[in-house]
Amino acid sequence: MMRRGVKITGIGFVTPAGIGLTQFKTGICENKSRVVALKPMGDGAEHFVGATLPDFRFSELFPTFSGKRVPRHTQMAMVAAKLALDDAGMAFEAVSYTHLT
């Protein structure tokens, strides 16, 4: 089996500290925790803590793509990939994603 090298040329952050490089860099320098108490998920479930992305808006980066049938974690991965491609100077439109519609 032949090993192939991988080169990372762009980065795309989708985190509670910020979405995109600029917001992320600012967010991680703030003296602030983004971990909060979350509501129980179902009857009898206990409270738990976690970090959320309340400002995440899939439609802002994909205005012509309906994300209604795409799970939220997949939307976040798509946004991270688009931000990484933008950072690398590549066009997201060159990547085929028609199978998600």
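Helices (H or I, at least four residues) and strands (E, at least two) are DSSP runs, numbered from the N terminus. This is a predicted model, in which local features need pLDDT of at least 70, side-chain atom pairs count only at pLDDT 80 or more, and totals for chains, interfaces and linings use all residues. Residues are numbered from 1 along each chain as its sequence is written, and side-chain values use heavy atoms, with hydrogens and water left out.

I begin with helix α3. Its 17 residues reach 24 Å from the first C-alpha to the last, close to the 24 Å expected at 1.5 Å a residue; the expected span is 1.5 Å times one less than the number of residues. Just after α3, Gly-89 adopts a positive phi of about 80 degrees.

Which residues of α3 are buried? Buried means under 20% relative accessible area, exposed over 50%, and partly exposed in between, with a 1.4 Å probe and protein chains only. The buried residues are Gln-75, Met-78, Val-79, Ala-80, Lys-82, Leu-83, Ala-84 and Leu-85. Their cover includes β1 (14-15), β2 (18-19) and α2 (58-61).

Consider Gln-75, which lies in α3 (residues 72-88). Gln-75 counts as buried because its relative accessibility is 13%. Leaving aside residues up to four places away in sequence, Gln-75 touches Phe-56, Phe-58, Gly-67 and Val-70, where contact means heavy atoms within 4.5 Å.
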